[in-house]
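Please have the sequence and structure open while reading.

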Amino acid sequence: MDINIITFLFLLMGFCCLSFAADKNTYIVHMARHHIPATFGDDHIDWFQSSLKSANGQGDVIIGILDTGVWPESKSFDDTGMGPVPSAWNGACETGTNFTASSCNRKLIGARFFANGYEATLGPIDQSKENRSPRDDDGHGTHTSTTTGGSVVSGANLLGYATGSARGMAPRARVAVYKVCWVGGCFSSDILAAMEKAITDNVNVLSLSLGGGTADYYRDSVAIGAFAAMEKGILVSCSAGNAGPTSYSLSNLSPWITTVGAGTLDRDFPAYVSLGNGKNYSGVSLYRGPSLPNKMLPFVYAGNASNSTSGALCMPGTLIPEMVKGKIVLCDRGVNARVQKGSVVKEAGGAGMVLTNTAANGEELVADAHLLPASTVGQKSGDEIRKYVISDSNPTATILFEGTKLGIQPSPVVASFSSRGPNTITPEILKPDMLAPGVNILAGWTGAVGPTGLADDSRRVEFNIISGTSMSCPHVSGLAALLKAAHPDWSPAAIKSALMTTAYTAYKNGKIIQDLATGKPSTPFDHGAGHVDPVSALNPGLVYDITADDYSDFLCALNYTAAQIQLVTKRNTTCDSSKTYRVGDLNYPSFAVVVPSDSSHKSGSTTVVKHTRTLTNVGPASSTYKVSTSSDSNSVQISVVPETLTFSQVNEKKSFTVTFTAGQMPVSSNVFGRIEWSDGKHIVGSPVAVSW
């Protein structure tokens, strides 16, 4: 095995902790809300539950989660009503510090920990700071595992926010946890070891809310482990990353991985900032505690209450207590954690905090359970507030907390932090694959730390609300488990295809899903195939299936050497020198076309690129599909041959060829479009991205 992959350090893809709530009025069903049949009126919960009842009843699907471990006492791991552990399960509940075999049950059926790579690099785990066992000392792992497969828990909430019934996406699925992340990080050798063990344990889905930059697939430990999982019929779902809105910022890029970006829910936690000049600004907060005095308080900008050049950031030890005591402090976002800034203000004697986004975060609002009264506002509001507090001779302010608000529109929107394409390793593979909820998500939490994760946070909660693609990934992992339960013979590629081709890209009013970073319509480089639609995914009509041999051909198309390919495939794979391999012919459910740069500036010249695909009928035995295409620019013409596909039996395969005719490069350098096949009942949609 290539030693170079062992020392890579991976990062968790959550900003703190965000999960999913199946509240009586919202969330899980909201994802497919635009397709509610008329017979259900506007009651999306009833529609969702009736549609998934059959899939929800199957309890033999096992989801493996690689993360920071698990807090087994969480109510989300209640196994009431669950049958015996599936006979195919080969896993174990490993013992360790504060963790025994009895910590597992019929819901949490397995728990292991992997630390050899970590300890070889950083030395023995300090058991005074963390448990050398599957026990979760961080919260991230408990959050992701309960998001994907947590049992139903009524009355769930965080400090009174988002009250309702919490449930994982696949609440009847079994959960197996593999702890690979420690205080010092997640090491690729431990991740790969855990993936290999999960495969032999016989999990059906693997969920990895972590990532660490990009590398060629033969040097990417997650890609290598995921290939082995795919060969065994295991779908691997990974976070896209939190490096958005910068282009080319994605992690987990291999085509056999399902790469998930983050979108918002229709729920918010408003906290208004009221200034002495009579102006009010909307922000968000999850603060719950002693209220501010019922009056306006003195207001100060942190940059003017510090002797440090970075004083505006409210870094530890930078505020002058005499200048902030009893005041509300305005802090700039960046560098240190948002919740730590509040802790710094509190320690210096401040009464409250207004946290303002800067250009890096724009208008994205992520709520936090601050240790003092605090609200986060967007960049535009923050700039106005900063101008007021600096220029006014006697600035004052207060914060008004409004609790939980539902029905926020537009929703979903692409989170600003969600990493974006194009794909830096293989531009011909469109990434991310899809969006799922990843902002302000409610899920289970550890009992080891408070909701902020700070050492001085003595609060303990059963559920927490956090954000990140770490939260969107387990949503898709859970959906994959539901699809596996409903269609046990489907391959990982078929499940992924069903999720992608049924995803939606527009609201009910026909407008494209908005990008929060720009306020403009998002593109396939932001949302991939679109936002997941769980009910439609159960019955996609057609799927784009891919075998392990197809992926091997893909690696040949990348001109990898035999040794490099074997690092990925673990088998004696060689490329046929008489065969022509083309990256664009991988049977992927989306289309990314790269126009050679030498043809982009020639006036009147055109470039023709052809991609071949094969569709498998998983719907009615007899059906006829017709194709439609669209392009947002005349610079690219899209044609499909044949234009009609007729199927006469289930699992029958039909192929087609798409011709992309690209003219002169447009100003934006990118053209986006769509290819859809429809039989009048199903719509099998694929995004198109053409780049020069």
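## Helix 9 and helix 10

Helix 9 and helix 10 are roughly perpendicular to each other. This is a predicted model. The axes of helix 9 (residues 469-486) and helix 10 (residues 492-501) cross at roughly 115° and come within 10 Å. Angles of 65 to 115 degrees count as roughly perpendicular, and the pair is therefore described in that way. The crossing of the two helices is right-handed.

On the helix 9 side, the contact is made by Val-476, Leu-479, Ala-480, Leu-483 and Lys-484. Helix 10 contributes Ile-495, Ala-498 and Leu-499. Sorted by class, the contact of helix 9 with helix 10 has seven nonpolar residues, one charged residue and no polar ones.

## The second largest pocket

The second largest pocket has a volume of about 650 Å³. Its lining consists of 29 residues. Nearest the centre of this pocket lie Ala-503, Tyr-504, Thr-505, Arg-674 and Glu-676.

Three elements each supply at least two residues of the lining: helix 11 (524-527), strand 32 (670-678) and strand 33 (683-691). Strand 32 gives the most, with four residues.

Terms used. Residues numbered from 1 in each chain as written. Predicted model: local features only at pLDDT ≥ 70, side-chain atom pairs only at ≥ 80, totals over all residues. Heavy atoms only, no water. Axes fitted to C-alpha atoms, helices over the stretch in contact; angles between N-to-C directions. Parallel < 35°, antiparallel > 145°, perpendicular 65-115°, else oblique. Left-handed = near helix turned anticlockwise from the far one by under 90°. Contact = heavy atoms within 4.5 Å. Nonpolar A, V, L, I, M, F, W, Y, C, P; charged D, E, K, R; others polar. 1 Å grid on protein atoms, 1.4 Å probe; cavity = no way out; pocket = protein on both sides within 12 Å on 5 of 7 lines; lining within 4 Å. Points joined across faces, edges and corners; volume = space filled by probe spheres on them.
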